[in-house]
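Dear colleague,

I am handing over the structure that we spoke about, with its sequence. Please open it beside this message and follow along as you read.

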Amino acid sequence: MIRKNNWMLALAAASTLLFACSKKKDDPDAGKATINYQVTSSNASSTDFTFTSAKGSGKQIAFKGDGSTRVEEYLLNFNNVDFFSNGAAGAIASIKVPAGSYTNAQFNYQMIPSRNPALEIRGTYNANGTPVPVRINLDQFVEISTKMPSVTLEAGKTYTATLNLDLAKVVEGITASHMTNATRTNGEVVIAYYSNPALLQTVVNNINNVIQHSVTIQ
């Protein structure tokens with residue numbers, strides 16, 4: 001009986017080992033790297049503007065790059081994020097990417113309006129020493145994106161992609177004259193499609209064409 005039990009135990013152990021090996025072999029994340037996405041902001045204060053908050057309504061994160069083949073990985077994520085958070089406090093989500101060396105790598109965070117604007121930025125404008133409340137509402141699809149000429153991702157390793165929103169460049173080109181002549185709503189300059197739309201277009205053009213967001217791979 002002892003031998004039989006030992007034999008049964010050995011068989012069970014072998015079966016468990018076989019199952020474990022099979023599970024590892026079939027692991028869909030085997031051979032992939034993990035990229036943690038997080039956001040932050042910079043240049044919140046300048047001569048004319050002081051920003052106090054920037055919040056985004058998440059839609060998805062994405063990685064795109066040219067390796068042995070074109071790789072595009074997407075992950076839907078509808079969590080709102082605070083661009084004034086630092087480090088892990090500004091975390092969005094993680095995405096799995098096949099290990100390899102990539103050129104023209106892109107790290108994207110996409111926002112879309114729902115109950116809240118896709119991107120809402122609040123602060124004040126210095127009007128000859130008097131702070132005037134300012135709110136920027138982007139009620140349209142917004143993408144914070146950056147490119148790296150090349151990046152190598154190793155299987156089993158975790159990387160952090162930090163996307164930085166340069167707030168000074170968001171309002172680049174908006175002058176004192178623009179702000180003086182801007183329509184105010186209850187004393188606040190609201191820059192949105194329904195209020196001061198020309199200024200909103202300047203903000204949109206900046207986000208699309210001017211801002212160079214940074215990604216740090218750790």
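Below I describe a sheet and then a group of aromatic rings.

Please keep in mind that this is a predicted model, in which local features need pLDDT of at least 70 and side-chain atom pairs count only at pLDDT 80 or more, while totals for chains, interfaces and linings use all residues. Residues are numbered from 1 along each chain as its sequence is written, and side-chain values use heavy atoms, with hydrogens and water left out.

I begin with the sheet. Strands here are DSSP runs (E, at least two residues), numbered from the N terminus, and two of them pair if DSSP finds at least two bridges between them. Strands of a sheet pair through backbone hydrogen bonds, either parallel or antiparallel. The sheet in question is open, has three strands in the order β5-β1-β10, and shows mixed pairing. Because β5 (91-98) and β10 (158-166) each have a single partner strand, they stand at the edges, and one side of each is left without a neighbour in the sheet. On average, neighbouring strands of this sheet are turned by 30 degrees against each other, direction ignored, where the axes are lines fitted to C-alpha atoms and angles run from 0 to 180 degrees between N-to-C directions.

Strand β1 (residues 32-42) runs parallel to β10, and nine bridges join the two. T34 has T158 of β10 as its bridge partner, and S41 stands opposite L165 in β10. Of the nine residues of β10, eight are buried (under 20% relative accessible area, with exposed meaning over 50% and partly exposed in between, for a 1.4 Å probe and protein chains only).

Now to the aromatic rings. Rings of Phe, Tyr and Trp (its six-membered ring) pair if their centres lie within 6.5 Å, and planes under 30 degrees apart count as stacked, over 60 as edge-to-face and the rest as tilted. The structure holds six such pairs. The pair of Y37 and F107 is tilted, because the ring centres are 6.3 Å apart and the planes stand at 50 degrees. This pair links distant parts of the chain, since Y37 lies in β1 and F107 in β6 (residues 100-111), 70 residues apart. F107 also pairs with F63 in an edge-to-face manner, with 5.3 Å from centre to centre and 65 degrees between the planes. F63 belongs to β2 (residues 49-66), 44 residues apart from F107 in β6.

Y37 counts as buried at 1% relative accessibility, as does F107 at 0%, and F63 is buried too.

With best wishes

Terms used
Helices (H or I, at least four residues) and strands (E, at least two) are DSSP runs, numbered from the N terminus.
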